[in-house]
Amino acid sequence: MNKDLVLVENEKKYTRKSAVLLLLFTILSLSLSLIYNIQNIGDTDLYTYLAILLVVILSTSLVSKITKADNILVMIVNMLFSIGVSMIYRLDPAYGKRQLQFYLVGMVLFFLTFFILKAFKFWSKISIFYVVVSIGLFMATLVFGTYIGGAKNWIVIKNIITIQPSEFIKVPLAFFIASFYSNYNQIVSKPFGRFYMEFVILVYIGFLFLQKDLGTALIFFGLMILSQFVFEKDRFLITFNIIAMILGSILAYFMFGHVRIRVATWLDPWSDINRTGYQITQALFALASGGLFGTGIGLGHPDYIPVAESDFIFSAISEEMGVFMGIAVILLFMILVYRAFKISLIQQDKFFSTLAFCIGVLFAIQTFIILGGVLKLIPLTGVTLPFISQGGSSMLSGFILLGCLQYCASDIKYGDEIDE
């Protein structure tokens, strides 16, 4: 039998087994949450539950139809979502219902993004467009934004819909960096062309400082530095940016009172355990009390942690599902980032190779920042855990980036190193 045919048959068996395990995992995780809230379950909840299971099956099947390059990405994200939404539903059924709806919209955006990228071929030539879109979103936030949690990074519409534009700016930012490095030789030949990307991203970070959204600023800065480390020939820029990041952090400490509070809480949360240190200490107690296998859904006290469904959902998961589940979450993110970097290495097109790298870095930095804050490794920032934390903007932007990553893998022929 031809070697390629053998690989195809093996991949089909692997995909079927993975899809079955994914479906069983999703059924189990959602069922536990529904059973715990059985007294509040209505017909709408059951219909939504069945819709989610159907979408999980269809999404896995459709991805394998539209591309054979890397169909494990959606499976990883579906598992992360299942873990997160089961805990959100247990904490607050209203948030759980909204998260299920965001997932359905996000999956539509995933496929829509894939086919839009496939339909047009000019993505590396419109860097100005990415800058204009980003600046427009920043200006809208400054004009119409509302302060929540010390940062003006939310737009509230009629007290019903809340949008965080900085989450969506990650998409044109990744495209802008990919466009810059795919046209690197032409750009650097122009006066000050070498500093073009540097200047634009520093402007973005300036807007984030005005909004006091320092968590997102750290993500943008980290993406710029890592991109330069991989693609930039001038090492002076990397050194300059690292020094600028250190000085910017010191400046933010003295400029913003909520930053000083977070640093003080990180250094010693026990000194004010009933006020500023309450959230992080409760999260640490939850991590410790869960043990290896957890207390069980509904048997712990993650509701003692303020904003457990968002910033501290990892602590809630580790308490009721155990440290092993927490490790599983970390491993799933590591696999997702690994696949993104693998796609970047194998992709022959410079633009999509760089785009895959940027998406992998975005997922990696955001995950590290929030997990580092929850585990008290670094000061806490108000970012979400991708695909797990409650929040529509984070969920939708994550699926858009995932759709971009899926397309970056679509030109890699079956049997290449990505599937080994």
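These legends describe close-up views of a predicted model. Local features need pLDDT of at least 70, side-chain atom pairs count only at pLDDT 80 or more, and totals for chains, interfaces and linings use all residues. Residues are numbered from 1 along each chain as its sequence is written, and side-chain values use heavy atoms, with hydrogens and water left out.

**View 1. Three strands form an open sheet in the order β1-β2-β3.** Pairing in the sheet is antiparallel. Strands pair if DSSP finds at least two bridges between them. Strands (E, at least two residues) and helices (H or I, at least four) are DSSP runs, numbered from the N terminus. β1 (145-148) and β3 (161-163) are the edge strands, each with a single partner, so one side of each has no neighbour in the sheet. Neighbouring strands are turned by 45° against each other on average, direction ignored. Four bridges join β1 to β2 (residues 151-157) in the antiparallel sense. Thr146 has Trp154 of β2 as its bridge partner.

**View 2. Helix α5 spans residues 127-144.** It has 18 residues and reaches 26 Å from its first C-alpha to its last. That is close to the 26 Å expected at 1.5 Å a residue; the expected span is 1.5 Å times one less than the number of residues. Its buried residues are Ser127, Tyr130, Val131, Ser134, Phe138 and Thr141. Buried means under 20% relative accessible area, exposed over 50%, and partly exposed in between (1.4 Å probe, protein chains only). Seen down the axis of α5, the buried residues fall within an arc of 100°, so they line one face of the helix. The arc is taken from the directions from the helix axis to the C-beta atoms. Ile128, Val132, Val143 and Phe144 are exposed on the other side. The buried residues of α5 pack against β1, β2, α6 (165-182), α8 (196-211), α9 (214-231) and α15 (350-374). Contact here means heavy atoms within 4.5 Å.

**View 3. Arg90 and Glu320 form a salt bridge.** A salt bridge is a side-chain nitrogen of Lys or Arg within 4 Å of a carboxyl oxygen of Asp or Glu. The whole structure has three. In this pair the closest N and O atoms are 2.9 Å apart. Arg90 lies in helix α3 (residues 73-91) and Glu320 in helix α13 (residues 313-321), so the pair ties together parts 230 residues apart in sequence. Arg90 is buried at 7% relative accessibility. Glu320 is buried too, at 2%.

View 4. Lys170 is buried at 3% relative accessibility. Glu167 is buried at 4%.

**View 5. Arg194 and Glu232 join two loops through a salt bridge.** The N to O distance is 3.5 Å. Arg194 sits in the loop between α7 (184-188) and α8, and Glu232 in the loop between α9 and α10 (235-255). They are 38 residues apart. Arg194 is partly exposed at 30% relative accessible area, whereas Glu232 is buried at 4%.

**View 6. Leu396 lies in helix α16 (residues 392-408).** Leu396 is buried at 16% relative accessibility. Leaving aside neighbours within four places in sequence, Leu396 is in contact with Phe102, Val105, Gly106, Leu109 and Phe168. The C-alpha atoms of Leu396 and Glu167 are separated by 8.8 Å. Along the chain, these two residues are 229 residues apart.

Methods: Axes are lines fitted to C-alpha atoms, for helices over the stretch in contact, and angles run from 0 to 180 degrees between N-to-C directions.
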